Amino acid sequence: MNELEYRIEKDTMGEVKVPAHCYWGAQTERSRNNFKIGPEASMPKEIIHAFAYLKKAAAMTNHQLGVLAADKKELIGNVCDEIIAGKHDKQFPLVIWQTGSGTQSNMNINEVIANRAHVMQGNKLGEGKLYIHPNDDVNKSQSSNDAFSSAMHIAAYKIVIDKTIPGINALKDTLHRKSQEFKNIVKIGRTHFMDATPLTLGQEFSGYVQQLVNGIRAIKNALQMVRELALGGTAVGTGLNTPKGYDLLIAQKIAELTGIPFITAPNKFEAIATHDAMVELSGALKRCAVSLMKIGNDIRMLSSGPRCGIGEIIIPENEPGSSIMPGKVNPTQTEALSMVCAQVMGNDVAVSIGGSNGHFELNVFKPLIGTNVLQSARLIGDACVSFNNKCTTGIRPNIPVIKQHLENSLMLVTALNSHLGYENAAKIAKKAHAEDKTLREAAIELNLLTHEQFDKLVKPEDMCGPID
């Protein structure tokens, strides 16, 4: 840097050179230089925008409770509106791998708000005294400990309702339509990767639908805890340096600004020292990933082929699948979905480790927990939309192959259990398999059934539900 490229900012530790055009201050710059870990690992913008909602709500609350001037409230709120709109995303350069309380990111937003407010008043960066102080005004009635905890709750709740649940719902609705469309297509079932008794393709798909219904329910249940905010607890949960009623009022303000039913946490000590709510949400997201992995794998295998696999369904052909094998097309959407699921499962492990490391009055894995939950929520939402639009909507049954597999299956013999007994039915199946004959031929040769009796008793379409 030369003299024209930086300005001097000060904090309690002394002077720091800060890029001249940037709104951040000394503490942000110290962190930027002290934690050069993972250039791809910037603090998620969802947490930054959540902080902006929080800081605006804090200014409104502090003013209403008589501890912040009206013009300061307006200035802070105006800058926060710009941040929420994404106008200053580049002003938040800090990485995830910093202090476990997220203090530097909290100060990053405090400094940006203070300096941007300074410019909005007609001043130049680095010249004159700041009217809005990063700590005394922007951070009033807060600690990084309760602020970051609350910011990640706001960000997590918002991304889940904006992206995750809509994405899962879109896929669920398509699978439901397919289950209705395929309800009369009888096919062979499979257990242990081996032939089993028949079901309909619609019944098979209905299982996928229910998995996603259950997953959404689990996520919504977890959100009930995520809506509880730690704000008002300040450093250790006691509420030191907050005016009376601050915790209830700021939660109400955030709820009004976001349209999300946030409430104050009933116990601030728990809300700051632990992040069990985020662990629960991560677990619910992992549950969805487990379901999606099963759905994706089934569709991948059912569509395998086109000539040497199971091939009972046909999926859209989106792009060439090989650089050496001409004409090859692969199930790329299922592969992408599977990789997302693996990542979400891994994220949950990290969140579980982070959540278990709340020591005494503070959990110091907050950036890790928040980032991993947000990535899981975003990935699931995006992957469900992609899988839905580029694969599921175009799934078609391959009727000739379904029929061939059904007619060739030895497990249709199960229909004879209640008429001939398990042992006689097994004799038919074993003879048919050993001598490469049909079940009908084997049953007649064993003098257990006539041709007419076999056709009356073995009807695949009647085997897809309980006996009437």
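## Questions on a predicted model

Biologist: Let's start inside: does asparagine 110 count as buried or exposed?
Modeller: The relative accessibility of asparagine 110 is 0%. Buried means under 20% relative accessible area, exposed over 50%, and partly exposed in between, using a 1.4 Å probe and protein chains only. At that value, asparagine 110 therefore counts as buried.

Biologist: Thanks! Before I go on, a note for us both: this is a predicted model, where local features need pLDDT of at least 70, side-chain atom pairs count only at pLDDT 80 or more, and totals for chains, interfaces and linings use all residues. Residues are numbered from 1 along each chain as its sequence is written, and side-chain values use heavy atoms, with hydrogens and water left out. Now, which residue's side chain makes a polar contact of 3.2 Å with that of asparagine 110?
Modeller: Asparagine 110 belongs to helix H4 (residues 103-120); helices (H or I, at least four residues) and strands (E, at least two) are DSSP runs, numbered from the N terminus. Beyond its neighbours within four places in sequence, it is in contact (heavy atoms within 4.5 Å) with Lys55, Pro134, Val138 and Asn139. A polar contact is a pair of N or O atoms within 3.5 Å; within protein, one must be able to donate a hydrogen and the other to accept it, and residues adjacent in sequence count only if both atoms are side-chain atoms. The 3.2 Å polar contact joins the side chain of asparagine 110 to that of asparagine 139.

Biologist: Where is serine 409 found?
Modeller: Serine 409 counts as buried, at 2% relative accessibility. Its side chain reaches the backbone nitrogen of methionine 411 at 3.1 Å. Leaving aside neighbours within four places in sequence, serine 409 is in contact with Ile188, Asp195, Ala196 and Leu439. Its place is the loop between helix H13 (399-408) and helix H14 (417-420).

Biologist: Stepping back, what radius of gyration does the protein chain have?
Modeller: The chain has 17 helices and 10 strands, and its C-alpha trace spans about 105 × 50 × 35 Å along its principal axes. The radius of gyration is taken over C-alpha atoms, and the globule rule is 2.2 Å times the number of residues to the power 0.38. A compact globule of 468 residues would come near 23 Å, but the protein chain has 30 Å.
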